[in-house]
Each structure stands twice: as C-alpha cells, then as structure tokens.
Amino acid sequence: MENTREVQLQVESIDWTLVHDSLHQKGYASVSGFLSTTECEEFVQLYQETDGYRKTVVMERYRFGLGEYKYFDYPLPEKIQMLRASLYPHLVPVANLWMKTLKIDKTFPATHQGLLEQCKEKGQMKPTPLILKYGKGGFNTLHQDLYGDVYFPIQALLILSNPEVDFSGGEFVMTQQTPRAQSKAIVLKPKLGDLLFFTTNFRPIKGQKGYYRVNMRHGVSEVTHGNRYALGIIFHDAAS
C-alpha cells in the first residue's frame with residue numbers, strides 16, 4: 001500500500017495545467033525528474049528478469065529498427081499498474097476535448113478500468129506497458145502504437161538512462177504530417193527520470209477554417225554509444 005500511495009502523490013504533484021496546455025499546443029508534454037535515479041535503476045534491473053513478461057520483440061526481425069523490447073504480462077508490477085491507472089484520469093479531459101474538437105463520435109471513460117472494459121469487448125486483453133532497450137546502433141522507426149480498434153490517443157514514456165552518461169544519440173523523434181504539406185520533425189532530448197506524454201496517432205490543430213486533424217508518429221534516433229532504456233506506458237490493451 002505504501003507504493004500505491006507514493007505513486008499517487010507523484011502523479012498528483014505534476015502541474016497538470018502545464019501538461020494539458022502543452023498537449024493542446026504541441027501534441028506532447030514533458031515532466032522533468034518524475035522518477036528518481038533509484039527508481040530508474042529498479043526498472044532497468046527489472047528488464048534483466050525472465051519472469052513477468054508476455055513477449056520479447058527483437059526489432060530487427062520485423063524491420064522496426066534495431067533493439068529489443070519486452071511487454072509485461074498481467075498482473076503488471078504494482079508500480080506500473082498504479083502509474084497506468086493514476087495517470088489516465090488526468091489525460092482523459094484532453095483526449096475527450098480532441099474528439100469533440102475534431103467531431104469524432106467517441107468519448108473515453110473517466111477511469112482506466114473503463115477503458116480496459118472497452119478493450120475487452122473488442123478482444124483486446126493483452127497488456128501493452130513495455131521496457132525498451134537500445135544498444136549502440138539501435139534505433140526505432142517512426143510508428144504509432146494502436147494495437148486494435150480501441151486506442152487511447154495519448155501515451156507516456158519514462159526515460160530510465162542518463163543521456164551523455166549511459167548513452168549518446170537516441171533522441172526521441174516525432175513527425176507531424178499536416179495535410180497537403182511537408183512533414184514537420186520534432187526532436188526531444190529527455191533526461192534521466194523524465195516523463196513524456198505524447199499523442200498516439202493524431203491531434204487537432206486550429207487553422208483558418210477551424211480545427212483539422214494532423215497525424216503524428218514517433219521513434220528513436222540512432223544510439224551512438226552505450227545503452228538506452230525506457231519504459232512505455234500505453235493505456236489501451238492489445239489484441240495480439
């Protein structure tokens with residue numbers, strides 16, 4: 001129970017007004033130093049364990065990039081379960097406003113359990129939180145994490161390694177594909193323990209004739225030295 005309370009306090013300490021404003025304006029937001037160095041090290045150590053994962057993906061086999069990631073199995077580690085459940089309600093207002101703004105007939109439930117029930121109805125019952133590892137030369141091609149008909153439009157990423165100490169390169173990259181225009185590249189350099197929120201696949205942008213939809217993808221640039229670890233928190237479950 002102590003872990004549960006600690007995670008809730010961490011989440012409540014976030015300046016959610018700033019996060020919401022940044023998501024609306026840019027499609028992403030950053031919270032500095034959300035995890036301590038010790039917490040990051042604990043997650044990295046968790047990656048070395050063989051139990052508790054439902055699937056390991058060697059990215060090169062599927063032409064996703066170069067690296068490896070592991071999907072956790074249910075029951076999720078307590079801290080990851082709490083992060084998923086505690087972060088979600090703070091993101092729902094943004095997600096629902098995006099749907100309304102873009103005139104999409106979709107309303108997301110107030111609780112994370114409600115979202116999982118929607119996933120279950122569509123046969124999406126496999127957990128999607130994962131830890132990613134990139135060594136020298138590793139990278140992740142631009143993609144979207146959808147996993148099925150039900151998907152939440154915002155996800156989170158926690159950086160578990162220290163840039164320029166544990167690794168070099170490995171920037172977080174996004175592209176914004178505006179209709180009838182060239183794509184815009186966004187490059188972020190989050191630090192150890194930072195928490196990123198970003199759009200899963202699209203967001204609204206205001207134009208001269210109202211709001212329109214822009215598609216976004218994300219990936220990781222090439223790691224030139226060391227190892228880069230990150231923890232991905234995706235809120236919807238997967239069909240496979």
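**Entry 1: the pocket**

I started with the largest pocket, whose volume comes to about 510 Å³. For my own notes, a pocket is an open set of points on a 1 Å grid over the protein atoms alone, where a 1.4 Å probe fits, with protein on both sides within 12 Å along at least five of seven lines. The volume is the space filled by probe spheres set on the points, with grid points joined across faces, edges and corners.

I then looked up the lining, where residues count if they have an atom within 4 Å of a point. The largest pocket has 32 lining residues, and Y69, Y71, H143, D145 and Y147 lie nearest its centre. Two or more lining residues come from each of β2, β4, β5, β6 (139-143), β7, β13 (210-220) and β15. The largest share, 4 residues, is given by β15. Strands here are DSSP runs of E with at least two residues, helices are runs of H or I with at least four residues, and both are numbered from the N terminus.

**Entry 2: ground rules**

I am working from a predicted model, in which local features need pLDDT of at least 70 and side-chain atom pairs pLDDT 80 or more, while totals for chains, interfaces and linings use all residues. Residues are numbered from 1 along each chain as its sequence is written, and side-chain values use heavy atoms, leaving out hydrogens and water.

**Entry 3: the sheet**

Next I traced an open sheet of 7 strands, with antiparallel pairing and the order β1-β11-β7-β15-β5-β4-β2. Two strands pair if DSSP finds at least two bridges between them. The edges are β1 (28-31) and β2 (53-58); each has a single partner strand, so one side of each lacks a neighbour in the sheet. On average, neighbouring strands are turned by 20° against each other, direction ignored. Axes are lines fitted to C-alpha atoms (for helices, over the stretch in contact), and angles run from 0 to 180 degrees between N-to-C directions.

Helix α2 (residues 16-26) packs on the sheet and touches β1, β7 and β11, with its direction at about 150° to that of β1. Contact means heavy atoms within 4.5 Å. Helix α3 (residues 37-47) lies across β2, β4, β5, β7 and β15, and runs at about 95° to β4.

**Entry 4: strand by strand**

I followed β7 (residues 154-159) and found 6 of its 6 residues buried. Buried means under 20% relative accessible area (1.4 Å probe, protein chains only). I154, A156 and L158 are buried on one face of β7, and Q155, L157 and I159 on the other.

β7 runs antiparallel to β11 (residues 195-199), with 5 bridges joining them. In this pairing Q155 faces F198, and I154 has T199 as its bridge partner. Toward β15 (residues 228-233), β7 makes 4 bridges, again antiparallel; here A156 is partnered with I233.

β1 pairs with β11 over 4 bridges in the antiparallel sense, and Y28 has F198 as its bridge partner.

Strands β4 (residues 68-72) and β5 (residues 130-134) are also antiparallel, over 4 bridges, with K70 opposite I131.

**Entry 5: cysteines**

How many disulfides are there? I get 0, taking a disulfide as a pair of cysteine sulfur atoms within 2.5 Å. C40 is buried at 1% relative accessibility, and C119 is buried at 0%.

Technical notes:
Buried means under 20% relative accessible area, exposed over 50%, partly exposed in between (1.4 Å probe, protein chains only).
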